[in-house]
Amino acid sequence: GGDPAGAHRRDAEFVEAAPREMDAGGRAPAGQGARHRLDEVVAEVRSAQRWAAEHDPPLASRICGWLHLPSYGRFWGEPQTWSASLLTASDGDERRLLGATVIMAGAAANRGALDEARRRASVVLDLSDDHRLLGAALEILSDVAMYSGDFAACEALARRLAEVGDAVADSHMRAIATVNAALGCTFGGDPVRA
């Protein structure tokens, strides 16, 4: 129809649905199929991400945010690279690109940069009203507290994660909250409560 930019935008918005569906499926009890779906659509996601990064950074950030579970859980680095580029291009304005910010928080936690992970996840926790991003931030913060030996904070953050998971019936958040709370109790010297 003579509107190539519009076609690219519609394509990127359409492709955004695939990571969103994978995120939802990955949070369900039978989430393995959603994780396999990523392999089927990764080329399209890459293409949409490239276009959105140049033309619509908030859309690119949302795509990154939907990829939190597969990137954090599988140590898949591409969303981190995309997120770093988005944040660099926006002069580091994490507040405007919360999906990219949560990816960078998870990547920092995975490489042991706990202060960076805590700072970035706290930005998301303070500013987001998206339960999925809130849950990701709380999971990362709970992990960081555990890695830092602050087991009381780990448990408190896990309780908050469970509350978010309960509010939106998210089995992934509930499971992670239960595991992290039990680990916090165990490492904190209270195996009976764990």
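User: How many aromatic pairs does a search of the whole structure find?

Analyst: Rings of Phe, Tyr and Trp (its six-membered ring) pair if their centres lie within 6.5 Å; planes under 30 degrees apart count as stacked, over 60 as edge-to-face and the rest as tilted. Here the search finds one pair. The ring centres of F151 and F187 are 6.0 Å apart and the planes sit at 40°, so this pair is tilted. Keep in mind that this is a predicted model, where local features need pLDDT of at least 70, side-chain atom pairs count only at pLDDT 80 or more, and totals for chains, interfaces and linings use all residues. Residues are numbered from 1 along each chain as its sequence is written, and side-chain values use heavy atoms, leaving out hydrogens and water.

User: Which helices hold F151 and F187?

Analyst: Helices are DSSP runs (H or I, at least four residues), numbered from the N terminus. F151 lies in α9 (residues 151-168) and F187 in α10, so the pair ties together parts 36 residues apart in sequence.

User: Is F151 buried, partly exposed or exposed?

Analyst: Buried means under 20% relative accessible area, exposed over 50%, partly exposed in between (1.4 Å probe, protein chains only). F151 has 22%, so it counts as partly exposed.

User: Now α5: which of its residues are buried?

Analyst: The general idea is that an α-helix has 3.6 residues a turn, so residues three or four places apart point the same way. In α5, P79, W82, S83, L86 and L87 are buried. They fall within an arc of 130° seen down the axis (using directions from the axis to the C-beta atoms), so they line one face of the helix. On the other side, T88 and A89 are exposed.

Terms used. Helix = DSSP H or I, 4+ residues; strand = E, 2+ residues; numbered from the N terminus.
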